[in-house]
Amino acid sequence: MKLLRVGPPGRERPAGLDADGVLRDLSPVVPEIDGDLLGDPVRLRVVREALAAGVLPLVPDGTRIGPPVARPGKVIGIGLNYEDHAEEAGAQIPDEPVVFLKPSTSVSGPYDPVELPPGSTTSDHEVELGVVVGRRLTRCASVEEALAAVGGYLTADDLSERSRIAAGPTWAKGKCADTFTPIGPWLVTPDEVADPQALSLELWVDGERRQCGSTARMAHGVGALLAYVSTLMTLEPGDLLLTGTPGGVAAGRPEPRPFLREGQVVEAEVQGLGRQRTPVVEPALTGAR
């Protein structure tokens, strides 16, 4: 299934694409697209049957598409996990995955604006395969068990403000900005992803292709990453894992490096998981929103 959330920010409602690609409102059968749903096979079957019946209300044209899963409890990032990205960064693939955390407030929709941090000069794009947990994992023993706990896959852009990362001492300062994790448009259930290690990833800026890679070049695959991270922290249904980016980021290009600027449009796509399109804007006024 392809599951979505639609409506104004903070007031999204569940939706799904039927077999004809028609967007339908799932509110009559389920309250939310979240960890509770992804971890419940019975409720998922009800959603699947309702979509197949073709009787659910249509979502009106022009309705905003939000993040396809409700705000995650945790957003876990993985660094230096693609051979070509490590090569362009002049770094060695580490023996163990590089793990960092992003706040859930960084999550935004697939067509929402990306807001540059105040004074930004080095904001960078990173197309990634996102994995949403569907079953609780703690100290997972095997890759197979970890893969069986996947609730869905999605397209993600793990944006970074490179100067803040370089300033240290942690990566979090360059990863935590609001809107720095656009996800979607769809959450695709695992039955539609035959092999998560055989997906192409691409990213364009103003129509110019900047990144083109394959999940086959991950140093640590999806199952291995989930199993490893579960030894560090309990993964709960609805948590989001960002699995790393292929080569082609702005920081890996010759000077002058093409970091993101106001007015540009970033498009990111993972094979079978949909394409997002996010305009780049200056930061909104500070204060309460």
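Helices (H or I, at least four residues) and strands (E, at least two) are DSSP runs, numbered from the N terminus. A pocket is an open set of points on a 1 Å grid over the protein atoms alone, where a 1.4 Å probe fits, with protein on both sides within 12 Å along at least five of seven lines; lining residues have an atom within 4 Å of a point.

The model is predicted: local features need pLDDT of at least 70 and side-chain atom pairs count only at pLDDT 80 or more, while totals for chains, interfaces and linings use all residues. Residues are numbered from 1 along each chain as its sequence is written, and side-chain values use heavy atoms, without hydrogens and water.

Helix 3 gives the largest share of this second lining, 3 residues. I noted 19 lining residues in the second largest pocket, with Leu80, His85, Ala89, Arg162 and Trp171 nearest its centre.

Next I checked the largest pocket. Its lining has 19 residues, and Pro9, Arg71, Thr105, Val107 and Ser108 lie nearest the centre. Domain 1 (2–65) and domain 2 (75–281) both give residues to this lining, so the largest pocket lies between them. The domain bounds come from an automatic or database domain assignment.

Last, I looked up Val131. Leaving out residues up to four places away in sequence, Val131 touches Val150, Gly152, Tyr153, Val222, Leu226, Asp239, Leu240, Leu241 and Thr243. Contact here means heavy atoms within 4.5 Å.
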